[in-house]
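Please open the model in your viewer and keep the sequence panel beside it. The tour below goes from one selection to the next and says what is found at each stop.

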Amino acid sequence: QVQLVESGGGLVQAGGSLRLSCAPSGSFVRIGTMAWYRQAPGSQRELVSSIDTAGRTNYVDSVKGRFAISRDNAKNTVYLQMNNLKPEDTAVYYCVMSALIQWGSGYVNNWGQGTQVTVSS
């Protein structure tokens, strides 16, 4: 079982910045793709950004140019640098990591508990 611990959420004014972090604990062989999702009140959960083991990244259009995802493979940690935050970025942000639990098994997605990001206007 892999547990993900997120940190870095909080309250910020529009135009401000936050940096989210997420690290795994538990037993695993390897971490694959890492991603951040978010869910705003009354909305469906959406993929914000992802990064694979080669460092290739993807972003939802609404955050392109403002958010940057990165990973530290030595620490199996993923970061989401969020700049020029807008009120519409307000949501619970979830970290997701694809983990290989044991050799011969497949990768399994693991979700964090979520961290609240609130952007005031």
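Rings of Phe, Tyr and Trp (its six-membered ring) are taken to pair if their centres lie within 6.5 Å, and planes under 30 degrees apart count as stacked, over 60 as edge-to-face and the rest as tilted. The model is a predicted one, in which local features need pLDDT of at least 70 and side-chain atom pairs count only at pLDDT 80 or more, while totals for chains, interfaces and linings use all residues. Residues are numbered from 1 along each chain as its sequence is written, and side-chain values use heavy atoms, with hydrogens and water left out.

**The aromatic cluster**

Select Y37, Y94 and W111, which form one aromatic cluster; the count of aromatic pairs comes to 2. In the pair of Y37 and W111 the centres are 4.9 Å apart and the planes are at 50 degrees, a tilted arrangement. Because Y37 belongs to strand β4 (residues 30-39) and W111 to strand β10 (residues 107-111), this pair ties together parts that are 74 residues apart in sequence; strands here are DSSP runs (E, at least two residues), numbered from the N terminus. The rings of Y94 and W111 have centres 6.2 Å apart and planes at 70 degrees, so this pair is edge-to-face.

Now colour by accessibility, where buried means under 20% relative accessible area, exposed over 50% and partly exposed in between (1.4 Å probe, protein chains only). Y94 is buried at 14%, whereas Y37 is partly exposed at 23% and W111 is partly exposed at 37%.

Next show β9 and β10, which run antiparallel and are joined by 5 bridges; strands pair if DSSP finds at least two bridges between them. A99 has V108 in β10 as its bridge partner, and among the 6 residues between the strands G104 takes a positive phi near 95 degrees.

Stay in β9 (residues 91-100) and select S98, which is buried with a relative accessible area of 11%. Leaving aside neighbours within four places in sequence, S98 is in contact (heavy atoms within 4.5 Å) with R30, I31, G32, T33, Y107, V108 and N109.

**The nonpolar core**

Which residues have the most contacts inside the largest nonpolar core? Select W36, F67, V78, L80, M82, Y93 and M97, which hold that place in a core of 25 residues; such a core is a set of buried Ala, Val, Leu, Ile, Met, Phe, Trp, Tyr and Cys residues joined through side-chain atoms within 4.5 Å. The largest share of this core, 5 residues, comes from β9. Centre on Y93, and its contacts beyond four places in sequence include W36, F67, L80 and M82.

**The open sheet**

Finally, display the open sheet of 4 strands, with the order β1-β3-β8-β7 and antiparallel pairing. β1 (2-7) and β7 (67-72) stand at the edges with a single partner strand each, so one side of each is left without a neighbour in the sheet. Zoom in on β1 and β3 (residues 18-26), which pair over 6 bridges in the antiparallel sense, with G26 in β3 as the bridge partner of V2.
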